[in-house]
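This report describes a structure for a reader new to it. The sequence and the model are shown below.

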Amino acid sequence: MNRSEQLFQEAQKFIPGGVNSPVRAFRGVGGTPRFIEKGKGPFIWDVEGNRYIDFVMSWGPLILGHSDSEVVKAISDQAKKGTSFGAPTEKEIELATLIHSAFPSVEKVRLVSSGTEAVMSVIRLARGVTGRKKILKCDGCYHGHADSLLIKAGSGGATFGIPNSAGVPEELTQLTISIPFNDVGILEQTLKKFGTEIACFILEPVPANMGVVLPKPDYLTKVRQLTKKYGVILIFDEVITGFRLAFGGAQELYGIKADLTCLGKIVGGGLPIGAFGGRSIFMDELAPEGKVYQAGTLSGNPIATSAGIATLKRLKNKKVYAELRKKMDYLCAPLESEIKKRGLPLTLNRIGSCFTIFFTKGPVTDFASANRSDTKKYAKYFHALLSKCVYTAPSQFETNFISTAHPISHLKNVRKVILAILNVL
Ligand code: PMP
């Protein structure tokens, strides 16, 4: 038994399933999760000293790579001054200003400790300001594990085939309507029927939790127009796409302003954080200004904000995104032409520095088409890559990421490895 296997057995004694977040357990692909010792740049090392090139990147936050020296310095400088005060700090203003500079639609922002918390809070706010109870979401989008959002959810919900979690009261699920992504017709019908009861439409503008799925041309524009028409608050969950697709996330890329936005991951530079913000008329309804309650002991934590500030300052240089796109073209364009040339039953969806290979001919445009993927083949592909020290998402229904620290020379090797595997699967 190797060290990861030993640790996994030990972990299961006191931690449910041996992990603190389900997809980490490798149940979607089988086998034993690698226990990780350290990371640097594009690499992670497991407890046995094997080095892997990492495409999970902590599920998105590490756009600058593991253990970036400026981020580490920001964390350690702050830790020496104090780890938490539960009182306001100047750094919170600095991070809020940076967020606003990236997302002009975010006139005011509140920091929390995770993406789930951001989403949970923003839903309460939307219900509070509209006085409406129902919420609208898309099948296969994942918004964290708050009760109202665990309905036909992507990510772990998709990996484990759990459409609705046990423990969520039926009365609550009845208040959530879930519709297919990319379908304007169904959206319009739903708004026509329930519009006056719906507080908000929350979606990942570019879903990443059923694997990467791209919005059809005009889909987001239509979403914006229709939500405005029916007085439904539009919430973009940019926990993954924020600072990832562009400095200003999907909103910058597609030129669309959401009413409220959820952020997480990159905004904390790899430390636990979340944020939600948007139009002042809504945000000012939060306590202590307004009647919608929301709070947090570690909200705006100075170490997390320091890591976030150090990360966002680097991302403000927009060359970063051009560089990431170039790297992604380098990795994926030859794969795409090979898939096409050989008529392989695969679909490569990608945008910016995010990509997913689906084991279906495609196209993959929503949850139903993502679910046509052969997940057994995905598991084989995953383990073949892992055996070559390439660490990708241990589930079909996730996104792989590259960082500024992934060197072109290594991407060239990875491309060769992927091609060789796809050819024999
Ligand atoms: N929203 C989206 C789009 C996410 O991808 C995630 C997590 N992957 C969340 C919300 C929840 O964030 P957290 O895991 O930090 O609670």
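Predicted model: local features only at pLDDT ≥ 70, side-chain atom pairs only at ≥ 80, totals over all residues.

Residues are numbered from 1 along each chain as its sequence is written, and side-chain values use heavy atoms, without hydrogens and water.

**Helix packing**

Helix α12 spans residues 319-342 and helix α15 residues 408-424; the two pack at an angle of about 20°, with axes 9 Å apart. That angle makes α12 roughly parallel to α15 (under 35 degrees; over 145 counts as roughly antiparallel). Helix α2 (residues 69-81) packs with helix α11 (residues 302-315) at about 150°, and their axes are 8 Å apart. Therefore α2 is roughly antiparallel to α11.

**Ligand surroundings**

The residues around the ligand (a heavy atom within 4 Å) include Ser-114, Thr-116, His-143, Glu-204 and Lys-265. This shell divides into three nonpolar, six polar and three charged residues. Polar contacts (N or O pairs within 3.5 Å) are listed here.

| Residue atom | Ligand atom | Distance |
|---|---|---|
| Tyr-142, backbone N or O | nitrogen | 3.4 Å |
| Asn-209, polar side-chain atom | oxygen | 3.0 Å |
| Asp-237, polar side-chain atom | nitrogen | 2.6 Å |

Taken alone, the ligand exposes 390 Å² (Shrake-Rupley method, 1.4 Å probe), and the protein buries 82% of that.

Notes. Polar contact = N/O pair within 3.5 Å; in protein donor to acceptor, adjacent residues only side chain to side chain. Nonpolar A, V, L, I, M, F, W, Y, C, P; charged D, E, K, R; others polar. Axes fitted to C-alpha atoms, helices over the stretch in contact; angles between N-to-C directions. Helix = DSSP H or I, 4+ residues; strand = E, 2+ residues; numbered from the N terminus. Parallel < 35°, antiparallel > 145°, perpendicular 65-115°, else oblique.
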